[in-house]
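Subject: Structure handover

Hi there,

As promised, I'm handing over the structure we talked about. Please have a look at it first, and then read on for my notes.

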Amino acid sequence: MRLTGYFIILIGLAGIHLSCTNRESAVEKATKNKILLFGNQTEPQDLDPHIVTGVPEFQIIESLLEGLTILDPQNLSPLPATASSWEISDNGLVYTFNIRKNAKWSNGDPVKASDFVFSFQRILSPALGSEYAYMLYCIKNAREFNKSQIDDFSEVGVKAVGDSILQIELCKPVPYFLSLIAHHSWYPVHPPTILRFGSIDTRGSKWTRPENFVGNGPFILDSWDINKIIIVKKSGTYYDNESVSLNGINFYPIENNLTEERSFRTGQLHITSSCPLNKIRWYRSNQPQNLRVDPYLGTYYYLVNVNNKPLDNKNVRKALALAIDREALTEHVLEGGQLPAASFTPPNVAGYTYGNALSFDTTEARKLLEEAGYDKNNPFPPVSLLYNTHESHHTIAQAIQQMWKIYLGIDITLINQEWKVYLETTQNHKYDLARMGWISDYNDPNSFLDLWITDGGNNRTGWSNLTYDSLVHAASLISDKEERFRLFSEAERILLDELPVLPIYFYTNVYLIHSSVMGWTPNILNNHNYKFIDLE
Amino acid sequence: MGKFILKRIFLETLPSLLVIITVTFFLIRLAPGGPFSSEKQISAEVLEQLNSHYGMDKPLFAQYFSYLLNICKGDFGPSFKYPGRTVTELISESFPVSLELGLYALIFAILTGILAGVVAALKPGSFMDYFTMSVSMAGICIPAFVLGPLLVLVFSLKFGWVNVSGWNTFSDRILPSITLGMMYVAYIARLTRGGMLETMVQDFIYTARSKGLSETAVIFKHALRGALLPVISFMGPAAAGMISGSFVVETIFSIPGLGRFFVTAAFNRDYTMILGTVIFYAIIIIIFNTLVDIIQTILNPRLRNY
């Protein structure tokens, strides 16, 4: 009996061994079939471009729908997409787009200018509750319609002239408008499909299910297994089908980055969405060709509650900012190629670079702290640093706590909170210092500097500076690039002098990529249109 | 027996469920933060629309009674996190995966646990006794987040026998089932061993041997039957625990089960999803405990009076 048992176990193991070891890896097989295997972080909330807000959703939607323009992955300049061409009025307020005659929905219907009008009306409909509706506020009367101040959508500056001409009138010149409209909030949806499953402003209808989805992008939605896989296949109706090399993409919602890395290592994925911090060094030494560290359009910083003592004192904030050794932090603690943030706006945002305003100067920092009245006789009062529970935030907070202790002799208490609790705490201004990060949706300095205007939704610091507000507002009204950048630069100078935020580092996007993936060009928006991707 | 079951359902199960729903409903509303709070501040108008869409603009007690009414109709409401999905849909799509994983883990735990328990009990105090008990004890001591990656390291990364993650082929089921079942192996082994030691010295075992039955028949036909009674009591909550999914195992192996929703719903403040999964798990646990009670009542009719 014992022998029989051993025999059965042996046969079982041999069976598994034979069935598993001699096979091709999933990546090898998929490369032959031109199917991209993509690690996509998490299960998407939905695939409705007017509802979703996250990166994993955008990664999928970008394959299924296409807006008027797309971004050139090389330099992020706008390229014609569903709009074959456009004209801009002399005052920069009216854009006239020519919709491609051969642009089709996946059910064969032609893409019309009126479909865009319908889509813009949908995302701006108050009842839809779209969190990204504000992206369209540059359109004349769009804000008023979204806030129910007007009810008639014909008053909004969007108009279809025939089937193939779309006219958009802006309320102010927006120099980055053609790039802005590449964002998914500007994507069209197929009106008859939307109306088949509800009204124009129905939230969460079943139109995004694979059996119902009608898109105009290079791929069509084939299947969607919750928390398992989303499969898209090459569309037969896409106008530029010949340029699309991939036959399909499999999106895997792998939340655990260690699991994702192991899946990559065993040939289950072409691309991951991240790379665990403790694996970066190993890949650098052993497989550098598979590791990518791309700059990313985002800043990691600490919010300062300027209403709390002693942080209401500008010199204290400056002292704290100057006593952070950002280079040591990025080089020895983070190790992910992050850039030390010596300004708030990352370098070269659509050509705008502020330069290095914040250095590591402990002598000056100590002097400023003394000027603020804190020395041995008058010790620094207790201050806390809040962050949401996460290993990397904790490590960074500990490192900075130590720097302030060594260089300034002050003690900071670290407090971590669960994500939603932390959000509520910062929203209610119940903190001294709090960690925060900002990833921009579009490539323009306005996205970073607009955050800190008085009473701005994301300005949780209590800081207000009317000169700053007027500079940012003035920059948003003009189209002359040099003058805009001058105004932004002046505003940022005020921000970095007052320091209601302490910039720490500029983000990078660290991920793993198989050598068979071609055309995956690094760019700061992490925008990779799949029609430019190939597998070899 | 029918009276006993009806008594269990109407006097114990339904009131327990009502208490669970009520406590969960109000507790999650007390937690700071809400389903719509995010890093990027949403406007007051959008927040108002979202609250109105999900009925959160009504007074809390009105929401509570409306929720109770809806679940009586089998409607657990829409998910806050996944706007295009209902809670019922998410549970019905992901529970079969957790059920399958739990069943495999259960089979693994029962077979391995009972075998280890029997082997250990046959020669108490021997090397085999200490060895099997030590190995099965390791199952309790090594948590799933250590055991899972260890198994992956050996069988996926080193030998390349099975995939690291996914839920597609039969071989994808092996490592997660072992990881999930391992914890229960030790309990079952120890309970079996204890039961066997007690049973093996009973008179009927000597009688069986004196009748000339083989040792295998004595162990498996006579001794094991009696020795498994404590294991059966343990199997109720154990089976419910395994079948209701495991967040850790599902995350390590990227398995599309319900365990992940159960935990992430709380982080996301997805109120309806939290309530849906809590009610669902509560029902499963109640059913399994009731089943165990019924089995025990069949085996020991005196329990019917309690």
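This is a predicted model: local features need pLDDT of at least 70, side-chain atom pairs count only at pLDDT 80 or more; totals for chains, interfaces and linings use all residues.

**Chain B**

The secondary structure of chain B consists of 13 helices and zero strands. The C-alpha trace of this chain spans about 85 × 55 × 30 Å along its principal axes. Of its 306 residues, 47% are buried. If you look at contacts between residues at least 6 apart in sequence, 72% of those in chain B join residues at least 24 apart. The chain exposes about 14,700 Å², and carbon and sulfur atoms supply 70% of that area.

There is also a nonpolar surface patch of about 590 Å² on chain B, made by I142(B), F145(B), V146(B), L150(B), L153(B), V154(B) and F159(B). One of its members, V154(B), sits in helix α6 of chain B, which covers residues 144-158. With a relative accessible area of 33%, V154(B) is partly exposed, and a patch takes in residues with over 30%, so V154(B) clears that cut-off.

**Chain A: an open sheet**

In chain A, four strands form an open sheet in the order β1-β10-β9-β8, with mixed pairing. Its edge strands are β1 (35-39) and β8 (219-225), each of which pairs on one side only. Direction ignored, neighbouring strands of this sheet are turned by 15 degrees against each other on average.

Although β1(A) is an edge strand, it is mostly covered, with four of its five residues buried.

Elsewhere in chain A, strands β4 (residues 83-88) and β5 (residues 94-99) run antiparallel and are joined by five bridges. S85(A) stands opposite N98(A) in β5(A). The two strands form a hairpin with five residues between them, and G92(A) in the turn has a positive phi of about 75 degrees.

N146(A) belongs to helix α5 of chain A, residues 142-146. Is this residue buried or exposed? N146(A) is buried, with a relative accessible area of 7%. Apart from its neighbours within four places in sequence, N146(A) is in contact with I123(A), L124(A), S125(A), P126(A), A133(A) and Y137(A).

**Salt bridges**

Over all chains, the structure holds 24 salt bridges.

Within chain A, the side chains of R317(A) and E498(A) meet in a salt bridge at 3.9 Å, N to O. R317(A) lies in helix α10 (residues 314-322) and E498(A) in helix α17 (residues 481-498), so the pair ties together parts that are 181 residues apart in sequence. Both R317(A) and E498(A) are buried.

Another pair is R269(B) with E418(A), whose closest N and O atoms are 2.7 Å apart. This pair crosses between chains: R269(B) is in the loop between α12 (258-268) and α13 (271-299) of chain B, and E418(A) is in the loop between β14 (412-417) and α14 (419-427) of chain A. R269(B) is buried at 6% relative accessible area, while E418(A) is partly exposed at 21%.

Then there is R85(B), which forms a salt bridge with E93(B), the closest N and O atoms being 3.7 Å apart. R85(B) is buried, with a relative accessible area of 6%, whereas E93(B) counts as partly exposed at 35% relative accessibility. Which residues are linked with these two in a network of salt bridges? The network links R209(A), R85(B), E89(B) and E93(B).

Happy browsing, and do write back with any questions.

Best wishes

Key. Residues are numbered from 1 along each chain as its sequence is written. Chains are lettered from A and ligands numbered from 1 in the order in which they are written. Side-chain values use heavy atoms; hydrogens and water are left out. Two strands pair if DSSP finds at least two bridges between them. Axes are lines fitted to C-alpha atoms, for helices over the stretch in contact, and angles run from 0 to 180 degrees between N-to-C directions. Patches are made of residues with over 30% relative accessible area and no salt bridge: like charges are joined within 9 Å, nonpolar side chains (Val, Leu, Ile, Met, Phe, Trp, Tyr) within 5 Å. Accessible areas come from the Shrake-Rupley method with a 1.4 Å probe; for residues, only the protein chains shown count as cover. A salt bridge is a side-chain nitrogen of Lys or Arg within 4 Å of a carboxyl oxygen of Asp or Glu. Buried means under 20% relative accessible area, exposed over 50%, partly exposed in between (1.4 Å probe, protein chains only). Contact means heavy atoms within 4.5 Å.
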